[in-house]
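Dear colleague,

Please find the structure below, followed by a summary of what was found in it.

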Amino acid sequence: KKICIGCNYANMIRELEGKLEGKIQQTCPFCRHLLPKSQAESEQNLMKRVEANDPVAVCEMGVMCYNKGDYKGAFGYLTKAAGLG
């Protein structure tokens with residue numbers, strides 16, 4: 001998923017103003033959910049997107065598998081991502 005620079009900037013301003021007032025935590029500029037606090041939580045969020053057939057998440061999962069040396073799994077995820085668009 002991609003957002004425009006203006007939307008990202010507006011989110012950064014909203015976060016900055018909230019931090020100055022002490023009431024807003026850092027959020028994703030796209031979905032506004034709180035950012036993950038650990039690698040495990042980040043991977044769990046990624047798997048949710050993979051299960052929803054998000055092509056960007058499926059591709060990212062393929063790259064993660066490739067970097068870990070799981071070439072067969074990487075091929076499967078990357079092929080699926082290409083099919084999804």
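Is D54 buried or exposed? At 9% relative accessibility, D54 counts as buried (buried is under 20% relative accessible area, exposed over 50%, partly exposed in between, with a 1.4 Å probe and protein chains only).

This is a predicted model, in which local features need pLDDT of at least 70 and side-chain atom pairs count only at pLDDT 80 or more, while totals for chains, interfaces and linings use all residues. Residues are numbered from 1 along each chain as its sequence is written, and side-chain values use heavy atoms, with hydrogens and water left out.

D54 sits in the loop between helix 2 (39-51) and helix 3 (55-68); helices are DSSP runs of H or I with at least four residues, numbered from the N terminus. The D54 side chain reaches the backbone nitrogen of V56 at 3.1 Å.

G85 follows helix 4 and has a positive phi, near 110°.

There is one aromatic pair in the structure. The ring centres of Y66 and Y71 are 5.2 Å apart and the planes lie at 65°, so the pair is edge-to-face (centres within 6.5 Å for Phe, Tyr and the six-membered ring of Trp; planes under 30 degrees apart are stacked, over 60 edge-to-face, the rest tilted). Y66 is partly exposed at 48%, whereas Y71 counts as exposed at 52%.

The disulfide count is zero, a disulfide being a pair of cysteine sulfur atoms within 2.5 Å. C59 is partly exposed at 33%, and C65 is buried at 10%.

Kind regards

Notes
Helix = DSSP H or I, 4+ residues; strand = E, 2+ residues; numbered from the N terminus. Polar contact = N/O pair within 3.5 Å; in protein donor to acceptor, adjacent residues only side chain to side chain.
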